[in-house]
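Subject: Structure for your review

Dear colleague,

Please find below the structure that I am handing over to you.

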Amino acid sequence: MTDSSDHRLPERERPWVMRTYAGHSDARRSNELYRRNLAKGQTGLSIAFDLPTQTGYDPDHELARGEVGKVGVSVAHRGDMETLVEQIPLDQMNTSMTINATAAWLLSLYIVAAEEQGVAPALLSGTTQNDILKEYLSRGTYAFPPGPSLRLIADMIAYTVVEVPKWNPINICSYHLQEAGATPVQEIAYSMSNAIAVLDAVRERLGDRAADLMGDVFGRISFFVNAGVRFVEEHAKLRAMSAIWEQIGRDRYGVSDAKQLRFRYGVQVNSLGLTEAQPENNVYRITLEALAVTLGRNARARALQLPAWNEALGLPRPWDQQWSLRLQQILAFETDLLEYPDIFEGSVVMDGLVAELKAGAEAEMARVAELGGAVEAVDYMKAALVESHRARWRRIESGELTVVGMNRYESTEPSPLTAGNDGGIMTVDPAVEAERRAALDEWKAGRDAAAVTRALDALAAAANDPNANIMDASIAAARAGVTTGEWSETLRDVFGEYRAPTGVGEAVAVPGEDLSALREEVERVSEQLGRRIKFLVGKPGLDGHSNGAEQIAVRARDVGMDVVYEGIRLTPAQIAASAVQEGVHVIGLSILSGSHAELIPSVLDALAQAGAGDVPVVCGGIIPEADAAALRAAGVAAVYTPKDWDLNQMMRDLIGLVAERHASPV
Amino acid sequence: MSGPGPAAALARRLLDGDLTAAPAVLNLLETTTPAARAAAAELLGALSPTRLGREAPGQVIGVTGPPGVGKSTLLSELAAGYRARGQSVAILAVDPSSKRSGGSLLGDRARIRHDPADRQVFIRSTAAGERLGGLAPATRAAASVLAVAFDVVVIETVGVGQSETEVAEVADTVAVVVQPGSGDVLQFLKAGIMETPDVLVVTKADLGRVAQRAMADLHAALRSVGATGTQVIAVSSIPPATGIDKLIGALDAHRDSLDLAARRLRARRAHALADFIEEHGAAGLRALGGRRAAEAQLADADAGRDVASLTAELERAAAGARARRP
């Protein structure tokens, strides 16, 4: 750079990788979508898998019911993966896969699909999300207990750093922490603590080779970050993360190479703050959030994917995603953003914010370290997140925090954007599930059964041998035609299953809340019943987004109800058994994966069969109005969507419902 | 939801071994309307040792310990262990509740892994209510009644130093669960704050040396208070779970060594007195001439009587004493 142009770059910088988080139904339909998106100027792929694939179940498993192909593409074996990337040259593609518990498996399928294209593993570039701790804390698509899960991650890193050197084997996610309510300080502290837990595990796994490889390993760890609408502070957060990351690399792992020390991150901006009310306003929010991660060159995202304006309404359509991609392109190619060096260099405000966040995060990291590190501190962090989320919600309810169109400036003209026949969202063809089951049977019939058995035996042996790397056996299993469900079941048998903490038990009541009127109402109705109102909060299906259910459970507790909350991933039979055995007066079901139309009627059936058909059921989630009407017709007492943000009103409704339905206790 | 049903019908169902009666039994026992309380008293009466002609056959086990030691995981394994032997299990999980609002979050059943289709396993979570670390008011009654139909009734409580005292008043056998490195329990034991449990369970036995040292420390602490009869069992719930069969063996051995009738009788009398005090407080106790007089009166009552009738007798005596006042 010459002296005369300190404030300009010698040439316009190359933009970040532009992606759209996409995938639905089956591999064939998703492949068509990817190729259309790439033709529109998208420069990388971001694969959304459906929940059965993410949690390790085949399309024909009981828990997969209603979830197949819903929030992403269903990939059950190597044939699906090959179809998914057909005509997309994998040596030229940068592919991000949102996959965690089953990451080792999906990477194996990807490696085998590349083999089929004649592409060697060393040429593959991309990212597997592979961050299990945040699954326990927020997202819920875990499969195995913490110990074995960390081992799988360490295996993948030890494998890719040598065999797939351009691959980012893990994306440490602060994204989902913010979605779960994390403050910027918590987001930094918990994600960094999480990275330390992973790196420590890898160092141990590498043993003698650690001295040679730790620098490479550190350089391959990337982050997946969130950005909310407070975009100035959010930018400062990324600068603070950069600084802390470099410090960790130097001090804890002895890394000195500047390139390896660089904080590399991809972004999906905030979904938590997107509103169902006046959804067009979300476009502005997304724009401002995109600025948070691109404005300052010293902490600019490597890859960006933006949500669509209608995410609080349902699944976005290809057009909605195109609109978000165009925003990235305008930012990168029309504006002058990429012509300058870091624009915050020397800014008093930015430096002050960074110092503040860094100090706060370091204190919180010390706390997690005191508890024995991120794995041991999962309960603590989960409870802290539930607490923060609740504080945020209270500020929205009190009006202290303004959300335009939701708790302020609510009057609106009818939106033409949602006026179409589809209600402005995409719906997955319900026939997909049956198609996928049939396709699975066909795949299984066409395999060499003996080879499959041998591959699964070898996989079990590798899982049982702490010195083996799971990747070799997984890649061999992928080649043999093993399915996602078979791979996972084999590992579940060896590692056991796990339920993450719900975080709600530890949540204390926020002082100063005026809930006394509601409490009195609960007391009054409870006295009439002769028994305290008992409320079951259930999450049927595989959807792990439990933040909303948790907030409702805590609020119901705070107004005086006995609340049975069992966490995520319940079958209709489990919910019905709990309702009967616990003797609850009312049931609330939460589903955000779009599978409400299948799952809620199944729960109603299960309740009727268990003799509890008279217990009123309400449900909440991202539920389009047409579906809501169908659910009410099927017997659901009330349907709540993100626009029903007033939890106290919801509590009033519940109390009223109990009073009405149990008017004369028999 | 079916509320309190006719007590006689529920008693009949339990006597017939109909485990699906359990939810309705709990609903009834938890309901505080006068009609429900009368029906609950009738139910207890119908299932009293006098009417049964013996003590209820089910084994009542208390499992208690500090939060986070792995009680729920242990209960999953324990329930699976009993089920593998063909025995039915009822678990009464008592959660600490939020005192401020009176509400509670009952999350325990989520952590107790079981097959929801298995009718031989019943799990009910209850808030401890006002009584910190102790039992929910209905839990004592529920345990005694469910023991008529279930092979095993487990009462799970949280805490250490207090909760096992109350559980000991209702369970045949009390198991205190600790994890390696929990110094509190050692201190409590040595200082006599904590009553000596019938069985001590050390979880996370997979921790190897740490767990072995914990076992040695516990043995030493037990010796120092002269409790040599308490078995210490190490369990691990990391698959494959270990120690569960040994634990079941220790629980069985304790029960076999027990004068069950005497322990249950003591439990019923303590329960009746606790219920009376809960209802009538210190003034009620004074009317009876104090705690010792009340205990003496209970000691005179027929051994096979149920708790509700014992409580009613104390109430009559207190009313009589008040009436005789000048």
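Which kind of contact do the side chains of Asp200(A) and Arg203(A) form? They meet in a salt bridge, with N and O 3.5 Å apart. Please bear in mind throughout that this is a predicted model.

**Salt bridges within the chains**

Asp200(A) and Arg203(A) both belong to helix 8 (residues 184-206) of chain A, and because they are three residues apart there, about one helical turn separates them. Asp200(A) counts as partly exposed, at 23% relative accessibility. Arg203(A) is likewise partly exposed, with a relative accessible area of 32%.

Over all chains, the structure holds 57 salt bridges. One of them joins the side chains of Lys70(A) and Glu598(A), at 3.2 Å from N to O. This pair links distant parts of the chain, for its two members are 528 residues apart. Lys70(A) sits in the loop between helix 2 (51-55) and helix 3 (78-84) of chain A, while Glu598(A) is in helix 23 (residues 596-609) of chain A. Lys70(A) has a relative accessibility of 8% and so counts as buried, the limit being under 20%. Glu598(A), at 26%, is partly exposed.

A further salt bridge is formed by Lys539(A) with Asp543(A), whose closest N and O atoms are 2.8 Å apart. Lys539(A) and Asp543(A) are both buried. In chain B, salt bridges that share partners join Glu55(B), Asp172(B), Arg255(B), Arg264(B) and Arg268(B) into one network.

**Helix 20 of chain A**

Helix 20 of chain A runs over residues 516-529 and has 14 residues. From its first C-alpha to its last it reaches 20 Å, close to the 20 Å expected at 1.5 Å a residue. Its buried residues are Leu518(A), Arg519(A), Val522(A), Val525(A), Ser526(A) and Leu529(A).

What do the buried residues of helix 20 of chain A pack against? Their neighbours are helix 21 (547-558) and helix 25 (647-661) of chain A. After helix 20 of chain A comes Gly530(A), which has a positive phi near 85°.

**Where chain A meets chain B**

The contact between the chains involves 44 residues from chain A and 31 residues from chain B. The area buried between chain A and chain B is about 3000 Å², and carbon and sulfur atoms give 49% of it. Four salt bridges are counted between chain A and chain B. In a salt bridge between Arg109(B) and Glu582(A), the side chains meet at 2.7 Å from N to O. There are also 16 residue pairs in polar contact between chain A and chain B, with both residues at pLDDT 80 or more.

Which elements of chain A each supply at least two residues of the side that touches chain B? They are helix 19 (484-495), helix 20, helix 21, strand 12 (562-565) and helix 22 (572-582) of chain A. Helix 22 of chain A gives the largest share, seven residues.

Asn282(A) lies in helix 12 (residues 282-292) of chain A. Its relative accessible area is 0%, so Asn282(A) is buried. The side chain of Asn282(A) reaches the backbone oxygen of Trp309(A) at 2.9 Å. Leaving aside residues up to four places away in sequence, Asn282(A) touches Gly273(A), Leu274(A), Thr275(A) and Trp309(A).

Two further residues have a positive phi although neither is a glycine: for Asn130(A) the angle is about 55°, and for Gln278(A) it is about 40°. Asn130(A) is found in the loop between strand 5 (125-128) and helix 5 (132-139) of chain A. Gln278(A) is found in the loop between strand 9 (265-268) and helix 12 of chain A. Asn130(A) is buried, with a relative accessible area of 2%. Gln278(A), at 14%, is buried as well.

Yours sincerely,
A colleague

Methods
Residues are numbered from 1 along each chain as its sequence is written. Chains are lettered from A and ligands numbered from 1 in the order in which they are written. This is a predicted model: local features need pLDDT of at least 70, side-chain atom pairs count only at pLDDT 80 or more; totals for chains, interfaces and linings use all residues. Side-chain values use heavy atoms; hydrogens and water are left out. Helices (H or I, at least four residues) and strands (E, at least two) are DSSP runs, numbered from the N terminus. The expected span of a helix is 1.5 Å times one less than its number of residues. Buried means under 20% relative accessible area, exposed over 50%, partly exposed in between (1.4 Å probe, protein chains only). Contact means heavy atoms within 4.5 Å. Buried area is the accessible area (1.4 Å probe) that two parts lose on being put together, summed over both. A polar contact is a pair of N or O atoms within 3.5 Å; within protein, one must be able to donate a hydrogen and the other to accept it, and residues adjacent in sequence count only if both atoms are side-chain atoms.
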